[in-house]
Amino acid sequence: MGVAAMAASLLFLLLLPLAPALVSSTPYAMMAKEARPVIKQSAKAYMEQKVQVQQGIASRSSQQMATDSSGALVFDLSVGTSPQKLSVVMDITTELVWAQCDACSTCTRLTPPATPTFLPNNSRSFAVVGCSSQTCQRMIPGEHGCTHDDDPCGYPNDLYGWNTSGVLATDTFTFGTTPVPGVLFGCSGDIMVQDLAGASGVAGFSRGPLSLVSQLNISSFTYFIAPHGDGASKSFVSWTWGGAADHQFAAGQMRTGGRRSSTPLLAAKKNQLHPDLYYVNLTGLQVDGQLLTAIPPGFFDVRPTGSGGVFLSSTLPVTYLEEAAYNVLRPELVRRIQSQGVAPVTTGDDVNNLCFLTRDFSGAKIPGIALVFDGADATMELKVENFFFAVADGQLTCLTILPSIGGSILGSLLQAGRTMTYDIHGGQLTFQTAAAGAPSPGLWPMIMATLLVWVLCPENRS
């Protein structure tokens with residue numbers, strides 16, 4: 001099978017109307033303590049299968065996960081009265097919070113039978129959002145499947161990028177000991193995601209109106225994805241909301257170390273095609289400390305048409321660079337590695353695959369890559385494992401940076417080994433190389449989290 005590649009246009013969803021946020025003055029943080037070895041498929045399968053692009057993110061219609069590399073975080077939520085514990089995937093590129101609901105004999109579900117299911121009838125605070133409500137008309141205009149005012153407000157497959165459909169509802173979510181009533185979420189019936197690794201659904205952390213960030217008025221959130229080979233118990237995800245003290249917790253309570261840099265989180269431009277995502281200003285690329293001057297200044301900016309730009313993903317493992325930049329970076333890497341007598345190998349019909357025999361690659365000095373962002377000394381220096389990955393039972397080692405058209409995505413493999421803090425109210429992304437510790441259990445409420453890796457399994461394989 002060939003190595004993953006991408007050469008299709010990036011299309012983006014339109015911004016939904018803003019909804020009022022639920023506001024709390026109580027700080028809260030959730031920490032990961034250990035990982036659950038629940039995934040069966042290896043992460044290397046990702047690099048052995050083609051990727052198709054749809055709506056700005058590689059197609060999610062058939063996703064799977066793995067545990068042997070860096071990827072998405074899964075954490076537990078308490079939903080309902082009395083609370084039911086549900087594990088959800090953290091996704092910063094989508095807004096809907098959704099979970100598998102009820103046993104459903106007529107639903108199409110690709111999730112395993114043992115997937116935990118939310119039972120609405122067991123929650124005294126559960127309420128379906130009706131078609132006549134302003135929430136339904138504002139959040140899902142024209143796509144709610146309503147024929148009568150008293151019908152439940154539905155959401156169709158792929159509206160929020162996860163190929164699941166169901167009805168909108170509200171319920172009480174409990175964070176630590178703090179109940180938050182009226183949180184809007186999706187109660188999913190049809191689920192075309194093949195395996196959520198024991199998780200019940202997804203927690204959207206984008207800036208869209210339905211996300212937890214918007215509904216809880218989260219001021220900042222932080223995650224750390226442990227690098228490949230490190231203990232997954234080092235991974236964590238946390239968030240805070242409220243005042244300045246919350247920001248002090250996010251910056252000061254984590255046991256971090258190493259260089260700390262910040263770059264602005266870009267405000268959406270008027271014509272930007274998907275302003276809910278977390279865009280940053282990537283100003284250039286370096287190889288072994290040398291700036292690639294063939295990439296012109298402003299190349300990664302959002303264009304007047306609304307396309308372009310660079311955003312981050314917590315669920316997509318690989319990184320995509322606009323094709324013209326990729327075509328500068330790739331030959332530079334090949335030239336430096338090949339000068340040591342290590343030549344690329346052909347892998348199938350895909351010309352975008354850049355792979356080397358691992359036995360040769362392991363003895364070579366691999367050039368370093370750094371991403372240069374807007375800001376004082378805002379340079380993210382990557383380790384080899386952030387952009388090369390062993391596949392084919394370890395026989396090949398392949399570049400996990402791939403070409404795209406219409407925009408660039410910084411994936412989770414690239415972010416691994418750094419604490420990533422999104423200061424929403426302050427408009428800053430801070431990244432810091434870290435040993436990843438958690439705050440003292442006695443100071444903050446905790447929930448369990450699991451380090452997982454998304455492996456995309458598209459229908460077409462080479």
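Q: Which strands each supply at least two residues of the lining of the second largest cavity?

A: Strand S4 (73–79), strand S5 (84–91) and strand S6 (98–100) each do so; strands are DSSP runs of E, at least two residues, numbered from the N terminus. The model is predicted, so local features need pLDDT of at least 70 and side-chain atom pairs 80 or more, while totals for chains, interfaces and linings use all residues. Residues are numbered from 1 along each chain as its sequence is written, and side-chain values use heavy atoms, without hydrogens and water.

Q: Which residues line the second largest cavity?

A: The lining (an atom within 4 Å of a point) consists of Leu77, Val79, Leu86, Val88, Val97, Trp98, Ala99, Phe173 and Phe185. These divide into 9 nonpolar, no polar and no charged residues.

Q: In what order do the strands of the open sheet stand?

A: Two strands pair if DSSP finds at least two bridges between them. Here 3 strands follow the order S20-S24-S23, with antiparallel pairing. Strand S20 (355–357) and strand S23 (388–391) are at the edges with a single partner strand each, so one side of each has no neighbour in the sheet.

Q: How many bridges join S20 to strand S24?

A: There are 3 bridges between S20 and S24 (residues 396–399), which run antiparallel. Leu357 stands opposite Leu396 in S24.

Key:
Helices (H or I, at least four residues) and strands (E, at least two) are DSSP runs, numbered from the N terminus. On a 1 Å grid over the protein atoms alone, a cavity is a set of points where a 1.4 Å probe fits but cannot get out, and a pocket is an open set with protein on both sides within 12 Å along at least five of seven lines; lining residues have an atom within 4 Å of a point. Ala, Val, Leu, Ile, Met, Phe, Trp, Tyr, Cys and Pro count as nonpolar, Asp, Glu, Lys and Arg as charged, and the others, Gly among them, as polar.
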